[in-house]
Amino acid sequence: MPSYRYLRDIEPENGQPEQQRVYTEKEKLANWWHYHWYFVAGGVALLAIAVFFIVDVLGVKKPDYTMAILSPYHISQSVADGVSDGLQAVLDDANGDGEVVVQVDIWNVSVDEETAGPHDGALVKAGAEEVMAGATKLQTALMTGETPVFVCDPAYLDAYQEIFQLYGDENGNLAGADGAGGEYTVAWGDMPLLTGLDLGEVGAQWQDLLNDWRVGMRPLYGTSIENDGDAVKYWQTQTAFFEQLQGK
């Protein structure tokens, strides 16, 4: 046991172990991306090779249009299926392969587990593994440009913009990281092609909820894809798709 002469000048509070800081989900996500982006970049390269093999060798159809729905809550797959089927019936064959393919993904991306969202109690939040998988898919899509259109839960819009810089302005410029998401997005309920969709018996229950969700385009300039000719061409096609959703 230490002698009294070594302990007599130590204040009681100084003898207590330092309290470990508890990070929010948003801070954890930003920290994870800071230390793991290179793994995602390597995975993107491998994914590109795999996609080239699947599409060119096996003849799998590439999507004409892609969009992703982002939320920390579980969303029924019937929503994605209903949106995909409904849009395929009214859109044109953008890539000229003889078939209209609209790919709609659902990615669970959380930002702050300490804050109760507006759907708590009504919807079920995704687990930690699903959230990390969703964040990885989102970052991959942002790096490759494969998914330019995003549908976002409005409660998390500004946080998504701050972490991922998700949305750009109408000219394709980065909109900024603080509170700019709402300015450069359009409400689902203001998009005639989306509000007129028949989402089926299960999906129809989501239509009222989705009316307030925000839809927008990822930026082009100042990003990893602005010098990629194929990615730029696809972004331009998706810009026209985004305008069609608004009835323009």
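The structure is a predicted model, in which local features need pLDDT of at least 70 and side-chain atom pairs count only at pLDDT 80 or more, while totals for chains, interfaces and linings use all residues. Residues are numbered from 1 along each chain as its sequence is written, and side-chain values use heavy atoms, with hydrogens and water left out.

The protein contains eight helices and five strands. Helices (H or I, at least four residues) and strands (E, at least two) are DSSP runs, numbered from the N terminus. Read from the N terminus, the order of these elements is α-α-β-α-β-α-β-α-β-α-α-β-α. Of the 248 residues, 40% count as buried. A residue is called buried under 20% relative accessible area, exposed over 50%, and partly exposed in between, computed with a 1.4 Å probe on protein chains only. Contacts, defined by heavy atoms within 4.5 Å, were also examined by sequence separation. Among those between residues at least 6 apart in sequence, 77% join residues at least 24 apart.

The five strands form an open sheet with mixed pairing, in the order β2-β1-β3-β5-β4. Its edge strands are β2 and β4 (186–187), each of which pairs on one side only. Two strands are taken to pair if DSSP finds at least two bridges between them. In general, strands of a sheet pair through backbone hydrogen bonds, either parallel or antiparallel.

Strand β1 (residues 65–71) and β2 run parallel and are joined by seven bridges. Across this pairing, A68 stands opposite D105 in β2, and L70 stands opposite W107 in β2. Strand β1 also runs parallel to β3, with four bridges between them; here the bridge partner of A68 in β3 is F150.

Burial was then examined for β1 and β2. Seven of the seven residues of β1 are buried, so this strand is largely enclosed by the rest of the structure. The side chains of Y65, M67, I69 and S71 point one way from β1, and those of T66, A68 and L70 point the other way; all are buried. In strand β2 (residues 102–108), six of the seven residues are buried, so β2 is also largely enclosed by the rest of the structure. Together with helix α3 (residues 77–88), β1 and β2 make a right-handed β-α-β unit. Right-handed here means that, with the strands pointing away from the viewer, the path from the first strand over the helix to the second runs clockwise.

T147 is found in the loop between α4 (128–144) and β3 (149–152). Because its relative accessibility is 1%, T147 counts as buried. Residues up to four places away in sequence aside, T147 touches T66, M67, A68, W107, A141 and R218. E129, in helix α4, counts as exposed because its relative accessibility is 73%. E129 and N108 are 21 residues apart in sequence and 9.6 Å apart in space, C-alpha to C-alpha.

In helix α5 (residues 157–164), the buried residues are L157, A159, Y160, Q161 and F164. I163, also placed in α5, is partly exposed, with a relative accessible area of 21%. I163 and V111 are 52 residues apart in sequence and 8.7 Å apart in space, C-alpha to C-alpha. Just after α5, Q165 takes a positive phi of about 50°.

The second largest pocket holds about 300 Å³ of space. Of the 16 residues that line this pocket, D169, E170, F242, Q246 and K248 are the closest to its centre. A pocket is an open set of points on a 1 Å grid over the protein atoms alone, where a 1.4 Å probe fits, with protein on both sides within 12 Å along at least five of seven lines; lining residues have an atom within 4 Å of a point. Grid points are joined across faces, edges and corners, and the volume is the space filled by probe spheres set on the points. Helix α8 (residues 229–245) gives the largest share of the lining, four residues. By type, the lining divides into five nonpolar, five polar and six charged residues. Ala, Val, Leu, Ile, Met, Phe, Trp, Tyr, Cys and Pro count as nonpolar, Asp, Glu, Lys and Arg as charged, and the others, Gly among them, as polar.
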